[in-house]
Amino acid sequence: MTDPRLAGRRVHVKVPATTANLGPGFDTLGLALAVYDELDVAVRDAPGATVVVHGVGEGEVPTDETNLVVRSIRHTFDAYGIPMPGLDLVARNVIPHGRGMGSSGAAIVAGVMAAKGLLEGIVDIDSAGLLARATELEGHPDNVAPALFGGLTIAWMAEDGPQHKRLTVHRGVSLLVCVPETSTMSTALARSLQPESVPHADAIFNVSRSALLIAALIQSPELLFASTEDRLHQNYRAAAMPETDALVQALRAKGYAAVVSGAGPSVLVLCGDPAERLAAAEVVAEASTTPWQAHMLAVDFKGATVVPNPVETVA
């Protein structure tokens, strides 16, 4: 039976895409991207949940209680000891699935934020609680942290749970995200390709580059190329994504700070200014042998938002 305090409640949620790792910052660094999935959730009297999906995933993702967004809402309600009410969801998805742009993290964050909005005035879920609930579902915080809080995030695990630090990206940094039209990559598969241990020299190499990358992103964009070198994960995954590896190498050969976006197969290019981004897009058009969609994106600085009981507008 629905908690009477929840009767009639509705929320509107907006969640940005993300790109994680950024080259050397494996499982630690992430950026929020100005591309958004949106979600409307309404409490109903009948138990269970229905999901209507528009856009990416329409006709493919589950439309019942097994949907990842619904599972995330239920997980959050359960964490605070309140039964999830019956729900009707309408998802409007833009973030590509299986392309290394944080689609699963965005779905989880959408569910957690929807629960926060529905529980407003009943349970106060702070930023630490949001990150904890999302990380419990995602398994690691590098994607869900920027999706929740926007900007550039450093995420790590501590004894008392996941932690994050949000930083503001230098205004000169421009992003180019190259998305393959057909190929996808499973995060689980990508992780399975990595060794259990790496050489000591490679670990030191990545520590230095990760530290330098923070400086490049917030203060010195001229250091982006040097700071995006990686020896921990991209080389091990290259054979599973030959087109991605070829594009990264072609861009880096021309001096552009290209890396694999998340688990791939998309490619992220971190540019020091808009002119450099345009030039990098030309290299993509010339060098690639398979179709890529080149998106010139801004950094999202707000992160996920939720509006309880949104006012309906007439189209």
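Which residue's side chain meets that of Asp40 in a salt bridge? Arg92 does, with 2.6 Å from N to O, and the legends below start with this pair. The model is predicted, so local features need pLDDT of at least 70 and side-chain atom pairs count only at pLDDT 80 or more, whereas totals for chains, interfaces and linings use all residues. Residues are numbered from 1 along each chain as its sequence is written, and side-chain values use heavy atoms, with hydrogens and water left out.

**View 1**
In the pair of Asp40 and Arg92, the N to O distance is 2.6 Å. Strands are DSSP runs of E with at least two residues, helices are runs of H or I with at least four, and both are numbered from the N terminus. Asp40 is partly exposed at 22% relative accessibility, and Arg92 is also partly exposed, at 41%. For these labels, buried means under 20% relative accessible area, exposed over 50%, and partly exposed in between (1.4 Å probe, protein chains only). Asp88 and Arg44 form another salt bridge, with their closest N and O atoms 2.9 Å apart. Here Asp88 sits in strand β4 and Arg44 in strand β2, 44 residues apart. Asp88 is partly exposed, with a relative accessible area of 30%.

**View 2. A salt bridge joins Glu229 to Arg209.**
The side chains of these two residues meet at 3.0 Å, N to O. Glu229 is in the loop between α7 (224-227) and α8 (234-237), while Arg209 is in helix α6 (residues 200-218), so the pair ties together parts 20 residues apart in sequence. Glu229 has a relative accessible area of 31% and is partly exposed.

**View 3. Helix α3 meets helix α1.**
The axes of α1 (residues 68-79) and α3 (residues 127-138) come within 10 Å and cross at roughly 125°. That makes α1 oblique to α3. Axes are lines fitted to C-alpha atoms, for helices over the stretch in contact, and angles run from 0 to 180 degrees between N-to-C directions. Angles under 35 degrees count as roughly parallel, over 145 as roughly antiparallel, 65 to 115 as roughly perpendicular, and the rest as oblique. The crossing of α1 past α3 is right-handed, a term for a near helix turned clockwise from the far one by less than a right angle, with anticlockwise giving left-handed. On the α1 side, look for Ser72, His75, Thr76 and Ala79, which meet Arg133, Glu136 and Leu137 of α3. Contact means heavy atoms within 4.5 Å. The residues of this contact divide into two nonpolar, three polar and two charged. Ala, Val, Leu, Ile, Met, Phe, Trp, Tyr, Cys and Pro count as nonpolar, Asp, Glu, Lys and Arg as charged, and the others, Gly among them, as polar.

**View 4. Helix α2 meets helix α3.**
The axes of α2 and α3 come within 10 Å and cross at roughly 140°. The two helices are therefore oblique to each other, and their crossing is right-handed. Among the α2 residues here are Ile108, Val112 and Met113, and the α3 residues include Leu130, Ala134 and Leu137. By class, this contact has six nonpolar, two polar and three charged residues.

**View 5. Helices α9 and α10 pack at an angle of about 130°.**
The axes of α9 (residues 242-253) and α10 (residues 274-287) are 10 Å apart. Leu247, Ala250 and Leu251 of α9 meet Ala280, Val283, Val284 and Ala287 of α10. The residues of this contact are seven nonpolar, no polar and no charged.

**View 6. Leu119 lies in the loop between α2 (103-118) and α3.**
Is this residue buried or exposed? Leu119 counts as buried, at 0% relative accessibility. Apart from neighbours within four places in sequence, Leu119 is in contact with Leu6, Arg9, Phe77, Ile82 and Ile125.

Methods: A salt bridge is a side-chain nitrogen of Lys or Arg within 4 Å of a carboxyl oxygen of Asp or Glu.
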